[in-house]
Amino acid sequence: MSNPKRSINIHKGYHAHVYFDQETLDFASKLCKEAGDRFGLKVGRVHQKLVGPHAKWSCQITFSHKSFDEFIPWLDENRGGGCRF
């Protein structure tokens, strides 16, 4: 069994899209708010419609290389089975 590939911090700025649907809306909203509060990140709107090229409802979280090493593992661990990024 191979280990999953870890994200590598090589850029100055990043953003992540948290994807959800009607059933996971409440969970995703809380997750995005907590990310903003915990890490001091800019959290966009929780879109309850398709926006741009995204095939699901989404919320964008913007972060820098300084937050990457703490935020990405936290997001991966706390996103649950219902939300994707």
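Biologist: Why does Cys32 count as buried?

Modeller: Buried means under 20% relative accessible area, exposed means over 50%, and partly exposed lies in between, with a 1.4 Å probe and protein chains only. Cys32 has 1% relative accessibility, so Cys32 counts as buried. This is a predicted model, where local features need pLDDT of at least 70 and side-chain atom pairs count only at pLDDT 80 or more, while totals for chains, interfaces and linings use all residues. Residues are numbered from 1 along each chain as its sequence is written, and side-chain values use heavy atoms, with hydrogens and water left out.

Biologist: And why does Cys59 count as buried?

Modeller: Its relative accessibility is 0%, so Cys59 counts as buried.

Biologist: How many disulfides does a search of the whole structure find?

Modeller: The search finds zero.

Biologist: Now helix 1. What span should helix 1 have, and what is the distance between its end C-alpha atoms?

Modeller: Helices (H or I, at least four residues) and strands (E, at least two) are DSSP runs, numbered from the N terminus. The expected span of a helix is 1.5 Å times one less than its number of residues. Helix 1 has 15 residues, 25-39, so it should span 21 Å; its end C-alpha atoms are 21 Å apart, which agrees.

Biologist: Which residues of helix 1 are buried?

Modeller: Leu25, Ala28, Leu31, Cys32, Ala35, Gly36 and Phe39. They cover an arc of only 130° around the axis, so they sit on the same side of helix 1. The arc is that of the directions from the helix axis to the C-beta atoms. Lys30, Lys33, Asp37 and Arg38 are exposed on the other side.

Biologist: What do the buried residues of helix 1 pack against?

Modeller: They pack against strand 1 (13-20), strand 2 (42-43), strand 3 (57-64) and helix 2 (65-78). Contact means heavy atoms within 4.5 Å.

Biologist: What follows helix 1?

Modeller: Gly40 follows, and its phi is positive, near 65°.

Biologist: What makes Phe39 and Trp74 an edge-to-face pair?

Modeller: Rings of Phe, Tyr and Trp (its six-membered ring) pair if their centres lie within 6.5 Å; planes under 30 degrees apart count as stacked, over 60 as edge-to-face and the rest as tilted. A search of the whole structure finds eight aromatic pairs. In one of them, the ring centres of Phe39 and Trp74 are 5.4 Å apart and the planes are at 70°, so the pair is edge-to-face. It links distant parts of the chain: Phe39 is in helix 1, Trp74 is in helix 2, and 35 residues separate them.

Biologist: Are Phe39 and Trp74 buried or exposed, and what makes them so?

Modeller: Phe39 has a relative accessible area of 19%, so Phe39 is buried. Trp74 has 10%, so Trp74 is buried. Trp74 touches Leu31, Glu34, Ala35, Arg38 and Phe39, not counting residues up to four places away in sequence.

Biologist: What kind of aromatic pair do Phe63 and Phe68 form?

Modeller: A tilted one: the centres are 6.4 Å apart, with 35° between the planes. Both Phe63 and Phe68 are buried.

Biologist: Which residues do ring pairs link into a cluster?

Modeller: Tyr14, Phe39, Phe63, Phe68, Phe71 and Trp74.

Biologist: How many residues does the largest nonpolar core have?

Modeller: A nonpolar core is a set of buried Ala, Val, Leu, Ile, Met, Phe, Trp, Tyr and Cys residues joined through side-chain atoms within 4.5 Å. The largest has 20 residues, and those with the most contacts inside it are Val18, Ile61, Phe63, Phe71, Trp74 and Leu75. Strand 1, helix 1, strand 3 and helix 2 each supply at least two residues of this core. Helix 1 gives the largest share, six residues.

Biologist: Why does Glu70 count as exposed?

Modeller: Glu70 is in helix 2. Its relative accessibility is 56%, so Glu70 counts as exposed.

Biologist: And why does Ser58 count as buried?

Modeller: Ser58 lies in strand 3. Its relative accessibility is 3%, so Ser58 counts as buried. Among the residues that Ser58 touches are His17, Tyr19 and Arg45.

Methods:
A disulfide is a pair of cysteine sulfur atoms within 2.5 Å.
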